[in-house]
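Work through the following exercises with the sequence and the model open side by side. Each task is followed by a solution that goes step by step.

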Amino acid sequence: VSTQRTWGHLVEAHVLPHILPHVPVESLPFVCVLVLTLLFELTNIPVVVAAAYVSKTGFDNNNPRVQKASLKGFGARAKSAHENTFESLAYFGAAVLMAHIQKVPATVTAPLSVLFLISRLHFIFFYYINIDLPRSMSWIVGFSCCILMMLHACAPDYVPGWFA
């Protein structure tokens, strides 16, 4: 029996119990999908506020898409961050499901799911303040987490050992 501690085991033993003490580590990727879904709705709030702010009549609930499409500056960036959050639900949800179906260990999926969420929060923040390079780097980190989960589900023998 190997006593070597991998990154995933260290995160599982020392970090995750402090983040969500009542959530089993095996459920954490699903909790992250739930949080991302809620984050999608929360990112709509600045879009609605921006749309109401720039309009003389307030927010147009009868035709909100047309009003949101005309946003400029912060409002347009907030709308893009909101839409990109929705787009990320597809590949993150697919990665979590693939990993779950293939019984990828929680020492792999939980840290990657948490890192994905952290990178999404950074992505949204950098979108709001209009800094493109860190925003793109945050997207790459999040997308890479999903790809690693998918690769581990498809070909676990070919994934880097520090996630095993």
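**Exercise 1.** In this predicted model, determine which element gives the most to the lining of the largest pocket, and describe that lining by class.

*Solution.* Begin with the space itself, which comes to about 220 Å³ for the largest pocket. Next, list the residues that line the largest pocket, namely Phe40, Glu41, Asn44, Val47, Arg65, Lys68, Lys79, His82, Glu83 and Phe86.

**Exercise 2.** Carry out the analysis for the second largest pocket, and state how its lining residues divide by class.

*Solution.* The volume of the second largest pocket is about 180 Å³. Its lining includes Glu26, Pro29, Phe30, Val96, Ala99 and His100, together with Lys103, Val104, Pro105, Ala106 and Thr109. Two or more of these residues come from each of H2, H5 and helix H6 (106-128), with H5 giving the most, 3 residues. By class, the lining of this second largest pocket divides into 7 nonpolar, 2 polar and 2 charged residues.

**Exercise 3.** Classify the ring pairs Phe40 with Phe86 and Tyr91 with Phe143, and locate each pair in the fold.

*Solution.* A search of the whole structure finds 8 aromatic pairs. For Phe40 and Phe86, the ring centres are 5.1 Å apart and the planes meet at 40°, so this pair is tilted. Because Phe40 belongs to helix H2 and Phe86 to helix H5, the pair ties together parts that are 46 residues apart in sequence. Phe40 is buried, its relative accessible area being 15%.

For Tyr91 and Phe143, the centres are 5.2 Å apart with the planes at 80°, and since planes over 60 degrees apart count as edge-to-face, the pair is edge-to-face. Tyr91 lies in helix H5 and Phe143 in helix H7 (residues 132-154), so parts that are 52 residues apart in sequence are tied together. Tyr91 is buried at 17% relative accessible area, whereas Phe143 is partly exposed at 30%. Both rings belong to one aromatic cluster formed by Tyr91, Phe92, Phe116, Trp139 and Phe143.

**Exercise 4.** Which rings have Arg120 or the charged end of Arg135 over them?

*Solution.* Arg120 lies over the face of Phe123, at 4.4 Å from the ring centre. The charged end of Arg135 is placed over the ring of Tyr127, 4.2 Å from its centre.

Note on methods:
Residues numbered from 1 in each chain as written. Predicted model: local features only at pLDDT ≥ 70, side-chain atom pairs only at ≥ 80, totals over all residues. Heavy atoms only, no water. 1 Å grid on protein atoms, 1.4 Å probe; cavity = no way out; pocket = protein on both sides within 12 Å on 5 of 7 lines; lining within 4 Å. Points joined across faces, edges and corners; volume = space filled by probe spheres on them. Helix = DSSP H or I, 4+ residues; strand = E, 2+ residues; numbered from the N terminus. Nonpolar A, V, L, I, M, F, W, Y, C, P; charged D, E, K, R; others polar. Phe/Tyr/Trp six-rings, centres within 6.5 Å; stacked < 30°, edge-to-face > 60°. Buried < 20%, exposed > 50% of the residue type's maximum accessible area, 1.4 Å probe, protein only. Lys NZ or Arg CZ within 6 Å of the ring centre and 35° of its normal.
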